[in-house]
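Visitor: I would like to go through this model with someone who knows how to read it. Could we take it one point at a time?

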Amino acid sequence: MNGSRLLFVDDEEGFLELYRAAFSRDGYTVETTATIEGARDRVAQGGVDLVVLDIRLGEASGLALLREIKAKDSRLPVVLSTAYARYQDDFSSWLADAYIVKSSDLNELKQAVRRCLGKAR
Amino acid sequence: MSASRGSPAQRERGARPERTRHLRERGPALRSIRPRRVLDLLRRVSEVLETVVDPEVAAWSVLVAYTAGEGLGFNRAFLLLADGDQLRGWFGVGPLTRDEAREVWAEMRQHGVLPLERLAEPDPRAVEAEQRRNAAVLVSLTHAAERGCGAWRRAFIGRSNHPNPCVRHWVSVLDSRELVVVPLMASGRPWGVVLADNFVTHAPIYHATLEAAETLAHYLRAALERTQLLRRFQEERRRRLVAEHATALLETARTLAHDLKNPLALAGGLARELMAASPASRETLLRQLGIAAAAISRAEQRVGELVDGLASRADGIAVEPVEVGALVDRVVEAFRTLASSRGVRLVCYHPARPLMASAVVRSLERCLENLVVNALEALRESGGEVHAAVREDGQWVRVEVADNGQPLPPALRPDPFAGGITTRRGGSGLGLASVRTLAEAMGAKVEYDEREPGWVRFTLFLRRWS
């Protein structure tokens, strides 16, 4: 799974910096974008193995992008990473392969990424 | 309950010992009630009941009319209401014992107290005290509504040998020789019953009095149905507000969780990352530390904002900057025609420069409308002036609505915003209560004063927008 290409989508630059540092060190190829449009374009180009997606992206909704991605390629794993626990009850979020509540401990997110990549292969 | 004004109808006195005994006792029921007096009493009680919003006050008002010397003159009266299969004692007015009666009546005569005059401005504490005072008797009067009760149609006089067990029970509990029973029926079942007697004076009960008692009891029933409906409506409204507050609080908690979790997760995550592996360069280290520091600052700032805004958020209300002078101008202007038609001069003052306050436009408009209506009501009979003014006061923007109409009734003064008390001023009694509710929901407050002689002033204190 090392070498897999991960796309992180979060409107907060700080989190993207954190993801770059933490996941690069684990051997992943990390790409980041802060906007829905950026994510949509990057996924369309192909070559992304997994998307880590925030739900609140400014005024835009990560759940809408999740639906788009899954409509085009249901096999591309998407992990939702958000500070909101409540979206777990929203059926729109059930399309995701994993739902992680943001924490200072990235282990849960890392495990979810590994698990989803493993399944995808 | 009260002393007579001392104008006995001589022709009514007389023949039988029963008819003269009450003169020796000097109780209230001295004579058969005259038709004109009955009409006057009914009109008076009807006017009072029109504005009453509290079931206990309605019951007290009618039972006072039963027992006042200038009313029907009974020594005491009780209201029982149907509760399932029982007729439950609910309210009583009058002395508990013969000794107490003589003492109270003597005192009232000495001080010239006329109970009917208290009807216009009922004191809720006195009403509550009267209900408490009679509590034991009311419990004793409670009795299963027997089958025979369903046949009652008109008021009657019950005695100890009455065929209906309910009546015998009440006569026995009250140790009454002659007990007036006024049934209030609904679908062939008792809805309630008013009992009254002359247990001290043993004054005779005349047909005209019985008829008047019946009419008053029907007034009472209508007022009780209306006030109970109003109370249920208020209770429902209160429940809805509580539910809305709970929802708003939950939303606030969720927002709090998100707004704090996000920066704390970021700062903590970066700290862990730095501990796990040194960054490639000092520049990266400083950048990541900078991100973590900024995230912590953001969390601190958010906590401050949330604490400041918690009250308004908890009420589910989003305050916004409102230019108070323009809003007051607009509301006052809307009342100008009405004020002119009542001979009321409406004056509005505010500083030329805009004063911004934290408020909700619709809520603030409603508060002002209620206060202006309240002021206009106070001037309904007399005409006069209403002054609306906007002033700066440190961290507050003050909006004053003052009128030189009738002062607030004493019963309202301790807390004019409590609701449930009604007077001509204040209409249903709910207007001022809703002013406080709306004001507090905006993080504002409202006060009342009569510091300036002849003026009643309500002041809204709105938080200045900063």
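What follows is a set of questions and answers on this predicted model.

Visitor: In what order do the elements of chain A run from the N terminus on?
Guide: Chain A holds four helices and seven strands. Buried residues account for 43% of its 121 residues. Read from the N terminus, the order is β-α-β-α-β-β-β-α-β-β-α.

Visitor: In chain B, what share of contacts between residues at least 6 apart in sequence join residues at least 24 apart?
Guide: Chain B has 466 residues, of which 39% count as buried, and it contains 13 helices and 13 strands. For chain A, the share of such contacts that join residues at least 24 apart is 58%. For chain B, the share is 71%.

Visitor: Which strands are the edges of the open sheet of five strands in chain B?
Guide: The strand order in this sheet of chain B is β8-β10-β11-β13-β12, with mixed pairing. An edge strand pairs on one side only, and in chain B that applies to β8 (344–349) and β12 (445–449).

Visitor: Which residue takes a positive phi in the hairpin of β10(B) and β11(B)?
Guide: Strands β10 (residues 384–393) and β11 (residues 396–403) of chain B are antiparallel and share eight bridges. Asp393(B) is opposite Trp396(B) of β11(B). Two residues lie between the strands, and the one with a positive phi near 60° is Gly394(B).

Visitor: What is the bridge partner of Arg398(B) in β13(B)?
Guide: β11(B) also pairs with β13 (residues 456–463) of chain B, antiparallel and over eight bridges. β13(B) is in turn joined to β12(B) by five bridges, again antiparallel, and there Tyr448(B) has Phe458(B) as its partner. For Arg398(B), the partner in β13(B) is Phe461(B).

Visitor: Is Arg88(B) buried, partly exposed or exposed?
Guide: Arg88(B) lies in strand β2 (residues 86–93) of chain B. Leaving out residues up to four places away in sequence, Arg88(B) touches Leu80(B), Leu81(B), Asp83(B) and Thr142(B). A buried residue needs 20 or more C-beta neighbours within 10 Å and an exposed one has 12 or fewer. Because Arg88(B) has 17 C-beta neighbours inside 10 Å, Arg88(B) is partly exposed.

Visitor: How far apart in space are Arg88(B) and Leu138(B), C-alpha to C-alpha?
Guide: In sequence, Arg88(B) and Leu138(B) are 50 residues apart. In space, their C-alpha atoms are separated by 7.4 Å.

Visitor: How many residues of helix α3 of chain B are buried?
Guide: Helix α3 (residues 55–67) of chain B has 13 residues, which at 1.5 Å a residue should span 18 Å, in agreement with the 18 Å between its end C-alpha atoms. The buried residues of α3(B) include Pro55(B), Trp60(B) and Tyr66(B). The helix α3(B) is largely enclosed by the rest of the structure because its buried residues number twelve of the 13.

Note on methods
Residues are numbered from 1 along each chain as its sequence is written. Chains are lettered from A and ligands numbered from 1 in the order in which they are written. This is a predicted model: local features need pLDDT of at least 70, side-chain atom pairs count only at pLDDT 80 or more; totals for chains, interfaces and linings use all residues. Two residues are in contact if their C-beta atoms, placed from the backbone, lie within 7 Å. Two strands pair if DSSP finds at least two bridges between them. The expected span of a helix is 1.5 Å times one less than its number of residues.
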